[in-house]
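This report walks through selected features of the structure shown below, beginning with a single residue and moving on to cores, rings and strands.

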Amino acid sequence: MPPSLRLFASLLVTVPVGIRAAPALEEIIVTAEKRAESIQDVPISIAAFSEDALERLGVYDLKHLAAKVPNLVINEFTGSPTTVRLFIRGIGQGDVQVTQDPSVALYMDGVYIGSSVGTAFETADIARIEVLRGPQGTLYGRNATGGAINLITYQADPSEFSVRQLLTAGNLDIFRSRSIVNVPLSDDTAVKFGYSTSQREGWVDNLGNGTDWGEEDRTNFTGDFHWEITAQQQLDYKYEYSRIRDTARLSQVLEFNPAAPGASAIQFTNPAVNASGQPVEVSMSRLEDATSYDLQERGDVKIRAHTLSYAWDINDRLSLRSITGYRDLDAFSQMAQTPTTSLFGLYSVTNGLPETDFNQFSQELQLLGDANQWTWVAGLYYYEDESEESNLGDANGSEAIPPGELVDFTSTENTSIAAFGQATWTPSTLDNRWHFTLGARYSDDNRKAFRDNNRVSFGFAGAPTNTPAFTENYNKDFDKFNPSAVIEYDVSDFISVYAKYITAYKSGGTSQRSTSSQNFQAGFDEEDVTSYELGYKGDAMEGRLRLNAALFYMEFDGYQQSVQTGTSPGERDFVNIDTADITGVELDLSLALTEELTGSFNYGYLDTSFGPSTISYLRIDQNSPSGLVVVTEGLTDDLALAPEHSATGTLDYLHGLDFATLSASVSVQWQDQSLSGIQEPVGVLDSRTLLSATLGLSEIALGDSYGTLRVMLWGNNLLDQDYYIGNIRQGAFDSLGLIGLATFGDPRTYGLTIEYDYR
């Protein structure tokens, strides 16, 4: 048995002793199974964070959450700062396209967000974030093979008028402002307005054309209306507008090989680099400045969203919920994936200028019941989206195409309908300690796509590559029945164990970057996951110790993987891989050490493997009579972005003063190395240790009727560690002499936050 699994087993039967009395840990309420429940009563491996916890941990957007949850990886899609990739337990979307769905479902107030583009947004009034680890195919649907993340915001409150204003300043010219005003209109209606703005200068200076790399410029506005129609009915409407104008992070080359066949295609200011004939280490560390060949532009993402929620408690045992959502996204981004460094004269070249228009509509109905020994939920779900994406620059690296010329255009039209249900039986004849749950979901999906590839493609040297032009349609249906089963046993009033079987699937589709009519029309099949999980949830020592743990095994059928099928790394298709397995552990331990000091330790272990050692697919070959050739390439032994070990440790201190509450928090996150892809050659993301801390005073009274003040010092990545969030190694880049294209995470940031709260 691996050491991590032995640790898992021993912790389940070991209870610390000798710790002096302390208050019980806070009860955490979640809605992971469509109803409000204690996190200890939900048979799911789940991490949940309240607003206070998020502020204490320095989490202000989705990407920062990854450092706080083991077996969760969140990073930007390389070259696109506003596109976020989510991975849970090694399952995620490696290549972000409008023709393929994410593998981790992201929800905002119960509404599924169908596009990964624009998910770097911030919002003014997050109340709670829930991370559901493991497949959630029954209640969350076809795009939750890895898990789901729920973002829950505050409702408008008719009970009181309140104002909150938060200001943050820090290094890198960081400035954030968050304003929230809640206004009661009557005893049963209220409106709430929130506005946030966030700016940060780039942390890699651009010595060439355009803006610096790593800049942030974000705004968000929300307007909420709450109406308590009767004592049993309530209606909530929310409008949200977000704009993100970030610039891409720098993708820098780690080594350059002048002897590579295509090395002469790279632009240089220092010709002597080509003369050595030996690999040259450019920089293995994060650069502070670089030179851009093309004009580096800000992205521009606009998001408008509407959410209408209706809840009716029909009687004491039956409730109806309706959630309606509409979301519209217009996005421009500059994908600069070619390496850039001023040290040896390597220039960056634009690798695409995509404009994306995406809109979605969804309607979900839920009927929740509680009768005698049964609790249940049944529902109907409808979803549709449409998108268009045009690449205004050549995908292989040439400068922008002249206005009016259509380049690399793809449109999609998708619909999905589903019926789902889950019921739990707690028989009184078994002393109400056993809980038997059955669930099922039936999904029916139709996916349509159109691609116009009528363009001239240019390589890195500026010469035409003769990529074949085509126009083609794609239209396929997918349907699936996903069952689940859970047996849970209450060992005592404070300890429970469970065994779970659950399935999930992600529909098939095609590739918006396909350069072959045959590949585009054929597309790829659905991806299925079957998961087996054993779990433990327990409170001990009068509620001062909490231990939650899960041991799981998952197996894939038809794992979806993006592969290069054209003449450049940006020309890609998806293929299905028959076998992939994941075994792992999750451990969440919290302990109230004293009345003022609380500690937590969270650990994740993953053991991933592929069945095949090679993969075969069609690639463009102008020397072949058909224009295509079957290519066989080697695969890695492990899944991408699935570190074997990851852990976080946090200490929180609270001490009451005469005029305020003193708080301090220290958090350490360690993550093992992982792979950036599954095709050889592959880049490696080295292990990393990130330290963050906060120190503050809260509840500073400004008088009986003037509200309170909170002041907090904060710092992230305090050790200023260089670490990769991306490291591309692909054959086409190697042939150009570019060995490793690394994207680095944020450097050290620190600052001061002041918040005013009036109620």
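## A buried threonine

In this predicted model, Thr-307 has its place in strand E20. Thr-307 counts as buried because its relative accessible area is 12%, which is under the 20% limit for that class. Leaving aside residues up to four places away in sequence, Thr-307 touches Asp-109, Val-111, Asp-236, Tyr-237, Lys-238 and Thr-324.

## Nonpolar cores

The largest nonpolar core has 28 residues, and of these Val-30, Ala-32, Ile-46, Leu-132, Tyr-140 and Leu-329 touch the most other members. Several strands each supply at least two residues of this core, among them E3 (45-50), E7 (104-108), E20 (300-313) and E21 (318-332), while E23 gives the most, with three residues. Apart from this core lies another, of 24 residues, which includes Ala-47, Leu-62, Leu-72 and Ile-129.

Val-30 has contacts of several kinds: when residues up to four places away in sequence are not counted, Val-30 touches Arg-35, Ala-36, Glu-37, Ile-39, Val-42, Ile-46, Ala-48, Arg-128 and Glu-130.

A search of the whole structure finds 17 aromatic pairs. The rings of Trp-374 and Trp-425 count as stacked because their planes stand at 15°, with the centres 6.0 Å apart. This pair links distant parts of the chain, since Trp-374 lies in strand E23 and Trp-425 in strand E24, 51 residues apart. Both are partly exposed, Trp-374 with a relative accessible area of 41% and Trp-425 with one of 34%.

Tyr-724 and Phe-744 form an edge-to-face pair, at 5.0 Å centre to centre and with 75° between the planes. Here too distant parts of the chain are linked, with Tyr-724 in strand E42 and Phe-744 in strand E43, 20 residues apart; Tyr-724 and Phe-744 are both buried. Trp-374 and Trp-425 also belong to one aromatic cluster together with Trp-434, Phe-436 and Tyr-489. Elsewhere, Lys-34 lies over the face of Tyr-107, at 5.8 Å from the ring centre, and also over the face of Tyr-140, at 4.4 Å from the ring centre.

## A three-stranded sheet

Strands E4, E5 and E6 form, in that order, an open sheet with antiparallel pairing. Its edge strands are E4 (72-77) and E6 (91-92), each of which pairs on one side only. E5, covering residues 80-88, pairs with E6 in the antiparallel sense over two bridges, and Ile-88 stands opposite Ile-91 in E6.

Methods:
Residues are numbered from 1 along each chain as its sequence is written. This is a predicted model: local features need pLDDT of at least 70, side-chain atom pairs count only at pLDDT 80 or more; totals for chains, interfaces and linings use all residues. Side-chain values use heavy atoms; hydrogens and water are left out. Two strands pair if DSSP finds at least two bridges between them. Helices (H or I, at least four residues) and strands (E, at least two) are DSSP runs, numbered from the N terminus. A nonpolar core is a set of buried Ala, Val, Leu, Ile, Met, Phe, Trp, Tyr and Cys residues joined through side-chain atoms within 4.5 Å. Buried means under 20% relative accessible area, exposed over 50%, partly exposed in between (1.4 Å probe, protein chains only). Contact means heavy atoms within 4.5 Å. Rings of Phe, Tyr and Trp (its six-membered ring) pair if their centres lie within 6.5 Å; planes under 30 degrees apart count as stacked, over 60 as edge-to-face and the rest as tilted. A charge sits over a ring if NZ of Lys or CZ of Arg is within 6 Å of the ring centre and within 35 degrees of the ring normal.
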